[in-house]
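Okay, everyone, let's get going.

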Protein chains: 2
Amino acid sequence: MRLRFIFPSLDFSCAVCVDIDGLWLIVKYMLNYQSDLDLAFQALADPTRRAMMERLALGPASVSELAKPLPMSLPAVMLHLKVLEESGLVKSEKAGRVRTCRVDPKALSLAERWIAERRQMWERNLDRLGAFLDQTKPESEE
Amino acid sequence: MRLRFIFPSLDFSCAVCVDIDGLWLIVKYMLNYQSDLDLAFQALADPTRRAMMERLALGPASVSELAKPLPMSLPAVMLHLKVLEESGLVKSEKAGRVRTCRVDPKALSLAERWIAERRQMWERNLDRLGAFLDQTKPESEE
C-alpha cells in the first residue's frame, strides 16, 4: 500500500511476473527517478540558474557569455553552472580554452512530465466530480 | 540589455508607451513571478512533498490521510505541508477539527509553463540550426 501511495503510476498488477532481480531494478529505477527530479527542481529553484537556462534555451553559450549579464563574479557563475550540470539540465564541453554549455532537454522533459501528469490527474478528478454532481443533482434544480 | 537577458519573453518594443508607474508594475510583476517560481520549484525538490502532491492529485485529503503512509511524525508532515502551502501549490481549510488539503493548479501550471516554454525555445532553435545546415550543405553531399 505504501509503495502504491508513493508511486501511484506504477502498475502493481504485474508484480507476480517479476523476479526479485527485476523488482530490484524497478525500485532502483524509481529511486534514481526520484533523485533526478530532486536535483532538477532544486536547480530550477534559483533565479540566477533560471536566467542561465533562459539564455541557453536560445542556443549554446560559452561560460563567459553566460556570466556577462549576471551581477556576480565568474566563480559564483561557475558554482551555479556546476549545480545545473549535476542536475543533468546542462551539458558542457571544453574545446581549447573555451567551455561551451548547452541545454540537455532530457532532464527538462522529466520535470515537465512530472508536473503535467499531476496536473492532468487533478483535472481528471475534478471532471469526474463535476459529472458526479451533475448526475446526483435533484430534479427540481434542473 | 541585462533586462532583455533575464526576461527574454518580455516585449521591450512597447516600453515607450509605458509610464514609470506602469514600468514599476511590470518589474514588480516579474519579481513576484520569479519568487513564485522559486517557491514552487523549491517545494517540488523534495520526494516527501512530491509524494504528498501525488496523493492530492487523486483528490482532496485530510492531513492525517496525507500523513498515514509516510514514514515520519505528524509534525514533520505538517512542516512539509507548510512549505507546499507557502509555495501556493496546496490550499487547505479547516472545518471543525479536520483540515482538508487540495491542489491549487495555478502554481503548478506556472512551473509547468516555465519549463515547457524553455524546452520549446530550445527545440525551435535546434530546428532552425537543422534547416540552416540543410541549406548550406554542399551539393556534392546530396
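This is a predicted model: local features need pLDDT of at least 70, side-chain atom pairs count only at pLDDT 80 or more; totals for chains, interfaces and linings use all residues.

Between chain A and chain B the count comes to 6 salt bridges, while over all chains the structure holds 16.

Here's another one: Glu54(A) pairs with Arg118(B) in a salt bridge, this time with the closest N and O atoms 3.6 Å apart. That pair crosses between chains, going from helix α3 of chain A over to helix α6 of chain B, which is residues 105-135. As a general point, side chains of opposite charge can pair when their charged atoms come close.

Now let's step back to the whole interface. How many residues of each chain are in contact with the other chain? It's 43 residues of chain A against 43 residues of chain B. The area buried between chain A and chain B is about 4200 Å², and carbon and sulfur atoms give 67% of that. On the polar side, the rule finds 12 residue pairs in polar contact across the interface of chain A and chain B, both partners at pLDDT 80 or more.

Which parts of chain A touch chain B? At least two residues each come from α1 (2-6), α2 (20-44), α3 (47-57), β3 (98-103) and α6 (105-135) of chain A. The most comes from α6(A), with 13 residues. Sorted by class, that side of chain A has 27 nonpolar, 5 polar and 11 charged residues.

Last bit: packing inside a chain. In chain A, α3(A) and helix α5, residues 74-86, pack at an angle of about 75 degrees, with their axes 10 Å apart, so α3(A) and α5(A) are roughly perpendicular to each other. From α3(A) you get Thr48(A), Arg49(A), Met52(A) and Met53(A), and from α5(A) you get Val77(A), His80(A), Leu81(A), Val83(A) and Leu84(A). By class, that contact has 6 nonpolar, 2 polar and 1 charged residues.

And chain B? Helices α3(B) and α5(B) pack at an angle of about 75 degrees, axes 10 Å apart. The residues of that contact divide into 6 nonpolar, 2 polar and 1 charged.

That's me done. Over to you.

Technical notes: Residues are numbered from 1 along each chain as its sequence is written. Chains are lettered from A and ligands numbered from 1 in the order in which they are written. Side-chain values use heavy atoms; hydrogens and water are left out. Axes are lines fitted to C-alpha atoms, for helices over the stretch in contact, and angles run from 0 to 180 degrees between N-to-C directions. Helices (H or I, at least four residues) and strands (E, at least two) are DSSP runs, numbered from the N terminus. Ala, Val, Leu, Ile, Met, Phe, Trp, Tyr, Cys and Pro count as nonpolar, Asp, Glu, Lys and Arg as charged, and the others, Gly among them, as polar. Contact means heavy atoms within 4.5 Å. Buried area is the accessible area (1.4 Å probe) that two parts lose on being put together, summed over both. A salt bridge is a side-chain nitrogen of Lys or Arg within 4 Å of a carboxyl oxygen of Asp or Glu. A polar contact is a pair of N or O atoms within 3.5 Å; within protein, one must be able to donate a hydrogen and the other to accept it, and residues adjacent in sequence count only if both atoms are side-chain atoms. Angles under 35 degrees count as roughly parallel, over 145 as roughly antiparallel, 65 to 115 as roughly perpendicular and the rest as oblique.
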